[in-house]
Amino acid sequence: MSELSPLPEPASTDDAGGAAAARKRPKPGERRVQILQALAAMLEQPGAERITTAALAARLSVSEAALYRHFASKAQMFEGLIDFVEQSVFTLVQQITGREVPDPAQPPEVGKRQAARIVAVVLQFGERNPGMVRVMVGDALVFEHDRLQQRMNQFFDRIESTLRQCLRSATAASATPTVDAQVAASALTALAVGRLQRYARSGFKRLPTEHLEASLALML
């Protein structure tokens with residue numbers, strides 16, 4: 001799944017009989033995507049930290065049993081959203097670094113630019129996908145299986161590790177280059193997480209990219 005596009009508009013009810021006759025069965029995998037789209041859309045609503053499968057089924061006008069034909073559990077639905085976050089963000093991160101692991105021997109300014117762009121990618125993704133932010137910061141996972149929160153923790157650990165690799169060249173002249181790179185990467189990751197949390201808890205009003213360039217210039 002490469003994209004969670006908006007759900008299709010419902011068909012007109014002017015001719016319910018004709019609509020029912022013309023309705024086609026979803027293609028293989030299409031219903032799974034629709035379920036994830038609906039879940040992500042519901043997470044954008046106020047007070048949506050806990051969503052029941054009954055409410056999700058009602059939104060899609062299907063039975064709960066129909067949901068479980070495509071996902072074994074609600075936790076598996078959230079895993080689908082986390083898969084989308086990971087795939088979307090890390091595909092862009094690898095495009096920025098040009099490789100899976102950044103080159104520690106690259107010029108310092110290159111590493112700093114890469115680090116700034118990675119932070120921007122994480123925040124821009126959240127800004128474009130508000131429902132996913134509730135998953136990224138854990139608000140939607142509070143009442144779910146612990147492994148889901150662990151996966152999001154690992155996501156940000158991986159972001160921090162990539163930032164550390166980018167910044168190794170920028171701290172090479174320091175007496176403690178490894179420590180300095182770790183501290184800088186940790187601070188940048190904390191900035192990203194904090195801005196995403198603020199975005200979610202402001203009802204998606206305080207944009208995570210607000211004054212981002214100036215903030216990164218102070219930190220880098």
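## Met152 in helix α8

Met152 lies in helix α8 of this predicted model. Helices here are DSSP runs of H or I with at least four residues, strands are runs of E with at least two, and both are numbered from the N terminus. Met152 has a relative accessibility of 0% and counts as buried. Buried means under 20% relative accessible area, exposed means over 50%, and partly exposed is in between, with a 1.4 Å probe and protein chains only.

Leaving aside residues up to four places away in sequence, Met152 touches Ile82, Val85, Val135, Met136 and Leu141. Contact means heavy atoms within 4.5 Å. Met152 and Val137 are 15 residues apart along the chain, and their C-alpha atoms are separated by 7.8 Å.

## Basis of the model

Residues are numbered from 1 along each chain as its sequence is written, and side-chain values use heavy atoms, with hydrogens and water left out. Because the model is predicted, local features need pLDDT of at least 70 and side-chain atom pairs count only at pLDDT 80 or more, while totals for chains, interfaces and linings use all residues.

## Overall make-up

The protein chain has ten helices and zero strands. Along the sequence the pattern reads α-α-α-α-α-α-α-α-α-α. Of the 220 residues in the protein chain, 42% are buried. Taking contacts between residues at least 6 apart in sequence, 70% join residues at least 24 apart.

## Helix α8 against helix α9

Helix α8 (residues 146–167) and helix α9 (residues 177–201) have axes that come within 8 Å and cross at roughly 140°. That angle makes α8 oblique to α9. Axes are lines fitted to C-alpha atoms, for helices over the stretch in contact, and angles run from 0 to 180 degrees between N-to-C directions. Angles under 35 degrees count as roughly parallel, over 145 as roughly antiparallel, 65 to 115 as roughly perpendicular, and the rest as oblique. The crossing of α8 and α9 is right-handed. Right-handed means that the near helix is turned clockwise from the far one by less than a right angle, and left-handed that it is turned anticlockwise.

On the α8 side, the contact uses Phe156, Ile159, Glu160, Leu163, Arg164 and Leu167. They meet Ala181, Gln182, Ala184, Ala185, Ser186, Leu188, Thr189, Val193 and Leu196 of α9. The residues of this contact of α8 with α9 divide into ten nonpolar, three polar and two charged. Ala, Val, Leu, Ile, Met, Phe, Trp, Tyr, Cys and Pro count as nonpolar, Asp, Glu, Lys and Arg as charged, and the others, Gly among them, as polar.

## Helix α5 against helix α6

Helix α5 (residues 74–97) packs on helix α6 (residues 108–128) at an angle of about 155°, and the axes are 10 Å apart. α5 is therefore roughly antiparallel to α6. This crossing of α5 and α6 is right-handed.

From α5, the contact draws on Phe84, Val85, Ser88, Val89, Leu92, Val93, Ile96 and Thr97. From α6 come Gln114, Arg117, Ile118, Val121, Val122 and Phe125. Ten of the residues in the contact of α5 with α6 are nonpolar, three are polar and one is charged.

## Leu39 in helix α2

Leu39 sits in helix α2 (residues 30–42). Its relative accessible area is 1%, so Leu39 is buried. Not counting residues up to four places away in sequence, Leu39 touches Ile51, Leu56, Met77, Phe78 and Leu81.

## Aromatic pairs

The whole structure holds four aromatic pairs. Tyr199 and Phe204 have ring centres 5.1 Å apart and planes at 75°, so they form an edge-to-face pair. Rings of Phe, Tyr and Trp (its six-membered ring) pair if their centres lie within 6.5 Å; planes under 30 degrees apart count as stacked, over 60 as edge-to-face and the rest as tilted. Tyr199 is buried at 3% relative accessibility, and Phe204 is buried with a relative accessible area of 15%. Phe90, Phe155 and Phe156 form one aromatic cluster.

## The loop between α9 and α10

Phe204 is in the loop between α9 and α10 (212–219), and its phi is positive, near 65°. His211 is found in the loop between α9 and α10 and has a positive phi of about 50°. Most residues other than glycine have a negative phi. His211 counts as exposed, at 63% relative accessibility.
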